Structures are given as structure tokens and as C-alpha cells.
Amino acid sequence: MAIIGNRIDGRLIHGQVANLWATKLNIDRFVVIDDEVAQSDIDKQALKLATPAGIKLSVIPIEKAAQNINNGKYGTQRLMVIAKRPDRFVALAEHGVQIDELNVGNMSQTDETRQITNSINITDEDIQDFETLHQQGVKIVAQMVPNDKAEDFMSLIKDKN
């Protein structure tokens, strides 16, 4: 089993992830890690519809995802782990999953967020989570689509503070 990509995207699976990233990285399975989404039949059905034919989908709580990954449940499949926010990746790492690189895609604007790029809006809590991951040696980049240049995400945060 290999985690080929880790991505934060508030939309989880959509055109950019389903088509561009999955193709570029030759993904076999999307693993959506989110305790709330895993409990929602409507959300899970929408994610199934957004997943291209030929790619498997797991929508599971973080702890279960960590168990599956650590126990080699996915065999030799090429995985893309996707979550809405960085706290999910902090929790995944706390459960012993090795995260080498994290791609920050779309994080929507809310009343609590501030804009980092046109498509990335973060809270103070998100910043703490990114700092935690960075201190654990995770390389964090901002890259919406494969053809975009990957930017060092921690530099983007520092520029906006």
C-alpha cells in the first residue's frame, strides 16, 4: 500500500480531484477521512457519484482509516487521502500514519477564516494544525491543480500573518 497523495479540500471529491489529480497520480482509491461525513449517507452517496469509474472509495472515520492503513488493508493500491481540514491529518498522524507531504487545495471562506490565497481560507486553529504537521516533518504545499506550481504553504501563512 502506498499513500501517493494527501490533500485538504473542503469539497473533498470534485472535478479537480476526481479527474486531474487522480489521473496525474494514477490513484486506485480515494480515502476520505472525516468522522462526520462518514456518518452521513447523503454525503457518502454524493462522494460515490463524484468518484470516477475504476477508482475505489472509502469514506471512513479517522481512527478506522488509520487502522486500515497501518494494517495494510489496501494492499498495493495507490491511495489519495482527502480531508476537509488539517486537524484530520493531525489526528491521522497521531494514530501512527506516516504523512510525508500534504497538498492544500480549496478551503472555503467563513466568518472565522482569513484569506491566504484566492481559494485557501484558514482559521487560527488551522494554523496551529499546520504548524503541528510542519514540526513533524510534513512538507506542506499549496497546489490547486497538477499544472500549477507547488508553493511552500508555511511561507504563505507567514506572509499573511
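Q: Which element gives the largest share of the lining of the largest pocket?
A: A pocket is an open set of points on a 1 Å grid over the protein atoms alone, where a 1.4 Å probe fits and protein lies on both sides within 12 Å along at least five of seven lines; lining residues have an atom within 4 Å of a point. In this predicted model, where local features need pLDDT of at least 70, side-chain atom pairs 80 or more, and lining totals use all residues, strand 1 gives five residues. Numbering runs from 1 along each chain, and side-chain values use heavy atoms, without hydrogens or water.

Q: What is the volume of the largest pocket, and which residues are closest to its centre?
A: The volume, the space filled by probe spheres set on points joined across faces, edges and corners, is about 250 Å³. Among 16 lining residues, Ile4, Gly5, Asn6, Glu101 and Leu102 are closest to the centre. Strand 1 (2–8), helix 1 (15–25) and strand 5 (101–104) each give two or more residues; these elements are DSSP runs numbered from the N terminus (helices H or I, at least four residues; strands E, at least two).

Q: How do helix 3 and helix 4 pack?
A: Two packed helices are described by the angle and the distance between their axes. Here helix 3 (residues 62–70) and helix 4 (residues 86–94) pack at about 45°, with axes 9 Å apart. The axes are lines fitted to C-alpha atoms over the stretch in contact, with angles from 0 to 180 degrees between N-to-C directions.
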